[in-house]
Amino acid sequence: MYYKGGEYLNFESDLQSIAAANVVIISFDLVPASDAYAVAWVQTAQAGGFDSKLEVVPPAQIPAIAAADSAASRVITAASFDAQGNANLISYGWTGDTTTVYETQTTVAQHGEVCSAADTLASDGYIISAFGGNDTDGFILIGMRVLGDSLPRPIDDPVGGRDEPPYFTSVVFLTDPEGS
């Protein structure tokens with residue numbers, strides 16, 4: 001896994017310098033107020049395999065973009081909001097399989113609704129493939145699954161003591177240190 005951070009205004013050009021057929025960006029965070037961004041990605045040793053696409057859309061268009069990507073055998077792997085409040089979505093297609101069709105559900109939830117939204121997606125069989133946002137614009141959750149596969153994906157419970165289920169969806173672990 002690799003990480004990079006930089007100045008917010010350089011995000012798109014820096015993103016292009018990372019992009020390659022053997023790279024999949026799994027997370028990014030845009031923080032315009034601090035003139036910063038951060039990105040995380042995985043990289044295979046073999047050249048080739050993936051093609052990426054960055055789509056910048058108003059929040060109301062997230063469901064339509066996600067549906068078009070999933071129908072085109074693409075998975076959204078990273079999401080964040082920019083300074084204008086637009087959703088930035090990164091999706092990937094695997095060049096070795098351009099025929100698998102996915103289904104998708106999306107939501108933009110406020111801070112207190114994230115866990116409930118994630119649980120609903122997972123219960124309906126969606127793997128949360130992208131999560132990102134902020135307290136101002138909300139948090140984008142993208143759930144994707146292979147067409148027709150509705151096997152529930154319980155949420156991983158890192159502190160609840162549950163046995164690890166065979167399929168699970170990890171969501172960013174949010175906790176309130178003050179317990180309120």
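The legends below describe close-up views of a predicted model. Residues are numbered from 1 along each chain as its sequence is written, and side-chain values use heavy atoms, with hydrogens and water left out. In this predicted model, local features need pLDDT of at least 70 and side-chain atom pairs count only at pLDDT 80 or more, while totals for chains, interfaces and linings use all residues.

**View 1. Overview of the protein chain, with three helices and nine strands.** Helices (H or I, at least four residues) and strands (E, at least two) are DSSP runs, numbered from the N terminus. The elements follow the order β-α-β-β-β-α-β-β-β-α-β-β from the N terminus on. Of the 180 residues, 38% count as buried; buried means under 20% relative accessible area, exposed over 50%, and partly exposed in between (1.4 Å probe, protein chains only). The accessible surface is about 9,700 Å², and carbon and sulfur atoms hold 53% of that surface. Areas come from the Shrake-Rupley method with a 1.4 Å probe; for residues, only the protein chains shown count as cover.

**View 2. The open sheet E4-E6-E5, with antiparallel pairing.** Strands E4 (50-57) and E5 (74-81) stand at the edges with a single partner strand each, so one side of each has no neighbour in the sheet. From one strand to the next the twist averages 20°. Two strands pair if DSSP finds at least two bridges between them. Between E5 and E6 (residues 87-94) there are seven bridges, and Val-75 has Tyr-92 in E6 as its bridge partner. Helix H2 (residues 62-71) lies across E4, E5 and E6 and runs at about 165° to E4. Axes are lines fitted to C-alpha atoms, for helices over the stretch in contact (heavy atoms within 4.5 Å), and angles run from 0 to 180 degrees between N-to-C directions.

**View 3. The hairpin from E8 to E9, joined through three residues.** Strand E8 (residues 127-134) is mostly covered, with six of its eight residues buried. Seven bridges join E8 to strand E9 (residues 138-146), and the two run antiparallel. Ile-128 has Gly-143 in E9 as its bridge partner.

**View 4. A nonpolar surface patch of Met-1, Tyr-3, Ile-26 and Val-42.** Together these residues have about 410 Å² of accessible area. Patches are made of residues with over 30% relative accessible area and no salt bridge; like charges are joined within 9 Å, nonpolar side chains (Val, Leu, Ile, Met, Phe, Trp, Tyr) within 5 Å. A salt bridge is a side-chain nitrogen of Lys or Arg within 4 Å of a carboxyl oxygen of Asp or Glu. Ile-26 belongs to strand E2 (residues 23-31) and is partly exposed, at a relative accessible area of 33%.
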